[in-house]
Amino acid sequence: MFAMTGEISPVAANMTLDGLEAMLAEKFLRAKQRGLKMNMVRYADDFIITGHSKEWLEHEVRPAVAEFLAERGLVLSPEKTRITHIKDGFDFLGWNIRKYNGKLLMKPSKANVKAHLDKIREIIKANKTAKQVNLVKLLNPVLRGWANYHSHVVAKKAFDRVDHEVWSMLWRWAARRHPKKGARWIKSKYFRAKGLRDWVFAATEKKEDGTTREVTLLKESDTPIKRHIKIRAGANPHDPQWAPYFESRWGQKMLNSTRGRRKLYRVWVRQDGMCSNCQQPITMNARWDVTHIVKQTAGGTDAASNLQVNHLNCRRNPQYAGK
C-alpha cells in the first residue's frame, strides 16, 4: 500500500494522481504483455498497487511512483507505505484485506474498530449525567453510520464485538450513576426485555403532544450484510442505452433502506398495485422494476411523484418500449 505526504487537499490529490495510473500502464506495458499483472486502486491520496512479486514492486514500481510524485513536489509517506503479501493482508479505508486459505476477505480493520469504540467511549464519558434518552440519540447515529459503512464486508464478528463492548460501557455508565443500588435495580431501570432479548438499553420519551415513545439503542449486529454488486465495466451513466441498467441498480438500492422502501410503497399504492405498463397486479413474487416518468437526463427527479413501478418483463417488451 502506498500513500503520499505533503500539503495537498484530497481534490488536488485526485487531480495529481490521475496521471499515475496511465504512467504505470505505459511504463510497464511490456511486463503486462509477459503476463506480469499489476493493478492500481486509489481513493483521494491513498492508493494500492498490486503486483506479481515483492521484488518487482520494491525495485521497479516503487521507484517509478516516487519519481512521478517527486516531479509534483510530493513524496511517499514512509509510515503508510509498505509492501506486503496478500496472505499477510493490509489495511485500506478502514478495512483489512487479506487472503485466508486462498479466499480473499475484507473485514473492518482492528485500528478502525478501536477508533470506533474510542469515539463511543468519549460520547458516553462526556454524558455522565445526561438523560438516557438523550444518550441513546447521541449514540445511534454513530452506531448506524459505522455499521452501514461496513455492511458490505465480512463484519458480523466485528458488529458482535462492538455490541458487547458498548453494553459493558453502558452498564458501567448506569452503575456509576447509582452507586448505592444493586444490579437488579439498575437492570430494571435502564434495560428492558424486547422480543427474545432481555438486555435492551431503552427508555421512554415523552413528546410535546403528551404521547410517549420508546427510544432503543441500535445493535450493530442487526445490520444485514449485503454484498456490493460491482457496476458493469462498460456501463456509462451518460449513455441513454444504459439508463435501464442504472435505474434497476438504483431501485435495488432503494429496497435496502427503510426510506427507500416507503417511497416505493407510496408509488405502488398510487398505481393501485398495478403495473404501469400492462395494468396487471404487481405482487411480492413478481419480478418488477422502478423507472422515472420524466428521465433524469430531461430534468426528472427522484421524487415519488416521478416514479413508476412495472413488471420487468413488460419493461423489456417492445410493446412498451416507448413508455
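Student: Is K137 buried, partly exposed or exposed?
Tutor: In this predicted model, K137 counts as partly exposed, at 36% relative accessibility.

Student: And which residue forms a salt bridge with K137?
Tutor: That would be E205, with the closest N and O atoms 2.4 Å apart. The pair ties together parts that are 68 residues apart in sequence, because E205 lies in strand β9 and K137 in helix α5.

Student: What about E205 itself, buried or exposed?
Tutor: E205 counts as buried, at 16% relative accessibility; the cut-off for buried is under 20%.

Student: OK, where does R197 go, since we're on β9?
Tutor: The side chain of R197 meets that of D222 in a salt bridge, at 2.5 Å from N to O. R197 lies in β9 and D222 in the loop between β10 and α8, so this pair ties together parts 25 residues apart in sequence. R197 is partly exposed at 36% relative accessible area, and D222 is partly exposed at 45%.

Student: How many salt bridges does the structure hold?
Tutor: There are 8. One of them joins D118 and R121, at 2.9 Å from N to O. Both residues lie in helix α4, 3 residues apart, which is about one turn of the helix. K114 comes in here too: K114, D118 and R121 are linked in a network of salt bridges.

Student: Back to β9. How does β9 run relative to β10?
Tutor: The two strands run antiparallel, joined by 5 bridges. Together β9 and β10 form a hairpin with 5 residues between them, and G210 in the turn has a positive phi of about 95 degrees.

Student: Switching to the inside: which residues have the most contacts in the largest nonpolar core?
Tutor: Those are I120, L139 and F201, in a core of 31 residues. Helices α4, α5, α6 and α7 and strand β9 each supply at least two residues of this core.

Student: What does F201 touch?
Tutor: Leaving out residues up to four places away in sequence, its contacts include L135, V136, L170, W173, F191 and V215.

Student: Where is S109, and what is S109 in contact with?
Tutor: S109 sits in the loop between β7 and α4 and is buried, with a relative accessible area of 4%. Beyond its neighbours within four places in sequence, S109 is in contact with D91, G94, W95 and N96.

Student: Last one: which residues form a nonpolar patch on the surface?
Tutor: Y265, W268 and V269 do, with about 300 Å² of accessible area together. Y265 is in helix α9.

Definitions and conventions. Residues numbered from 1 in each chain as written. Predicted model: local features only at pLDDT ≥ 70, side-chain atom pairs only at ≥ 80, totals over all residues. Heavy atoms only, no water. Pairing = 2+ DSSP bridges. Helix = DSSP H or I, 4+ residues; strand = E, 2+ residues; numbered from the N terminus. Patch = residues over 30% accessible without salt bridge, like charges linked within 9 Å, V, L, I, M, F, W, Y side chains within 5 Å. Areas by Shrake-Rupley, 256 points an atom, 1.4 Å probe, with all protein chains shown as cover. Salt bridge = Lys/Arg side-chain N within 4 Å of Asp/Glu carboxyl O. Core = buried A, V, L, I, M, F, W, Y, C linked by side-chain atoms within 4.5 Å. Buried < 20%, exposed > 50% of the residue type's maximum accessible area, 1.4 Å probe, protein only. Contact = heavy atoms within 4.5 Å.
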